[in-house]
Amino acid sequence: MIMSTSLIFTVRLTEVFILCIIFSVVIARDAPEAKKNLSAMLRRHLKRSNIALMPAIPDDINTYRPLHPSVVAWGIDSLGSLDNPQRLKNLSRDYNALGIKLQACNVWLLTASARVLYRKPEYQNAVCVDIAGGRIVPPWQDYTFRGVKNYWCCTNHPLFQKQLIKRAQVGIASGANMLHLDDHLGTAAAAGQAGGCFCEFCMTGFNDWLESNFSRGELLKKGIFSIRNFNYHEVVREANFSTLAEYKKGFSQKKIPLQNEFITFQQDAVGEFIKYLGKIAARIAKHPIPVGINAVNLSPFTLVNSHYADYFANEVTHYDQEDTIPPMVYLLGTALDKPVFSTGQGHCWIKVQRYNDVTRVRQWIATAYAFGHYFLYAYKQWGFSKETGTQWHRTPLSTYEPLCRFITENADMFDDYEPVVQVGVLYNNSACRNDHWEVREVCRALHYANIPCGLAVAGDKWLRHQLSQKELEQFELVVIPKHSNPMGKQTAVLEQWKKHNEVMAWSNTDEVRSYLRPLVSLKNGDKVWTLPRRIPGQPGAPVVIHLLNRDYNAQKDTMRVKSSIELSLSRTLTDNRPVKIVTLFTPDTKPKILDVRHGRDDIIVTIPILDLWAILKIE
């Protein structure tokens, strides 16, 4: 039985992937020259001041015009237009008319949708199945069409793969020049707590993966005496995990046989498919195509295949986490040199709708841009919670428009600017995989102490990023949160750096201050973050400092306004150049030139009033 299934799998897999073999000869997306061209394209068209959209389309595309959008980072899926691609071509034309140069098409790797599953029942056989043979439904998908649910489709099934490839082809051929992948982990995400997949293609694929990754001796140690006769489905059932409930409990307790190997197989399989979709997109466009993924919260599991991605357009937990999770996401995006286009998670938008939080959302936008990244606007935003199910929140344009206007009118204070950092906080992906998130609290403390920080990233088998000397050289001091010491070769990198530079285990901000001369000091600025930024390689360019008010009143949905904030700015910020003028910019007032007092080693300015967000321009 295993041999016949393997033969069927090989034939079908060959049918789907034959183009991959041919195409890998024609163009290698991962080749250095291709990556160089891709980076040049992003540098040419993607600016820090860009306003980015999500895909939901109003009746009149000009509705977006007040925002001055220039990027669609999370595009429309061509699933509903496979038989009529002209609709997508018209949309691309309309985007161009708005001045949008970067347009993503989206390929949703989660499902073929309940509507398609109903109209084309053969796709119901290409879904993820649990240990008991039941079809898996994603917990956050409560939509049905004529009795058919949004079943979780299997990214290892050739039929679903074929449809996903077609969706990417149609999207790019219709005018998109970026490819975004939502729920990019596909079956790898279902393979854990969701309960599967144990379909014939996953089982045969797992056998092939085991044979390719382990020697015969290693397989024997795992209890696999004959890979041809090995049936993982039967092994798990015979280990007394034959129901979905038993499997989920066993998985949470890490008792499922070959649990880690099975998850790794699923991660590798979807990674290869992501890579292949990028090649397909590039072949259609006849040039390299940036690939984005919805890596929720940039958590370790969602970063497994981030080395195949060029940018992140992703859901981020914002609500009541404004000073921890979003800043960490932006710091990590900066450290990985990948732009982040964020939006709130489904439950965040449910709460925004319930409480009509306008200022809270504006705080999300301001934070994204102050950190050098982007916040997505959706005309109609998906929201979900267990209590409410799916709801659609229509965000008024007026929530975004004042801040978008502020950003575009002052593009010169955003474009090309990079963060000024003093402290590097060691981010260890392995520690975060094991739920040691002290790194978030360390960064939060440094932000509130107005000590400019960034991340030094130690990757692992999931996050393909190696800590390097070059990465550490930008910091005056490196602090190591609890549980965050790196392993393996990255330990040697850190030890070598320690010989001539400062490294300390994290304790508190006072100890950090004892090592550093402050760049920015505040009086009367409680709960105000200062984020200085400069243009690398242009010492004569103005320095900008973003001022974020973090004192939010949730009951009134307002910021507690600050007044008479005194800022002392070190002259090292301007490389000891004389400061001639300091101007304050805010979204709701005209620019104001501030009086400057000159000290021996610093300059002092007073911010008369700070509501949500302001930028100091120092010339």
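Which strands does helix H15 (residues 397-409) lie across, and at about what angle does H15 run to one of them? Please describe the sheet around strand S20 (residues 543-549) as well.

Modeller: This is a predicted model, in which local features need pLDDT of at least 70 and side-chain atom pairs count only at pLDDT 80 or more, while totals for chains, interfaces and linings use all residues. Residues are numbered from 1 along each chain as its sequence is written, and side-chain values use heavy atoms, with hydrogens and water left out.

Helix H15 lies across strands S24 (582-586) and S28, and runs at about 10 degrees to S28. Contact here means heavy atoms within 4.5 Å; axes are lines fitted to C-alpha atoms, for helices over the stretch in contact, with angles from 0 to 180 degrees between N-to-C directions. Helices (H or I, at least four residues) and strands (E, at least two) are DSSP runs numbered from the N terminus.

S24 and S28 belong to an open sheet of six strands in the order S13-S19-S20-S28-S24-S25, with antiparallel pairing. Strand S13 (418-419) and strand S25 (589-594) are the edges: each has a single partner strand, so one side of each is without a neighbour in the sheet. Two strands pair if DSSP finds at least two bridges between them.

Within that order, S20 sits between S19 and S28. Strand S19 (residues 528-534) runs antiparallel to S20 and is joined to S20 by six bridges. On this side, Trp 529 has Leu 548 of S20 as its bridge partner, and Pro 532 stands opposite Ile 545. Strand S28 (residues 613-618) is likewise antiparallel to S20, again with six bridges, and Val 543 stands opposite Ile 618 there.

S20 is mostly covered, with seven of its seven residues buried (under 20% relative accessible area; exposed is over 50%, partly exposed in between, with a 1.4 Å probe and protein chains only). In a regular strand the side chains alternate between the two faces of the sheet. In S20, Val 543, Ile 545, Leu 547 and Asn 549 point one way, and Val 544, His 546 and Leu 548 point the other. Residues on both sides are buried, with His 546 and Asn 549 among them.

The side chains of Glu 418 and Arg 48 meet at 2.5 Å, N to O. Arg 48 is buried, at a relative accessible area of 19%, whereas Glu 418 counts as partly exposed at 29%. A salt bridge is a side-chain nitrogen of Lys or Arg within 4 Å of a carboxyl oxygen of Asp or Glu, and the structure holds 19 of them.

Another salt bridge joins the side chains of Arg 444 and Asp 323 (2.9 Å, N to O). Arg 444 is in helix H17 (residues 438-448) and Asp 323 in the loop between strand S8 (311-316) and helix H12 (325-335), 121 residues apart. Here Arg 444 counts as partly exposed, at 30% relative accessibility, and Asp 323 as buried, at 16%.
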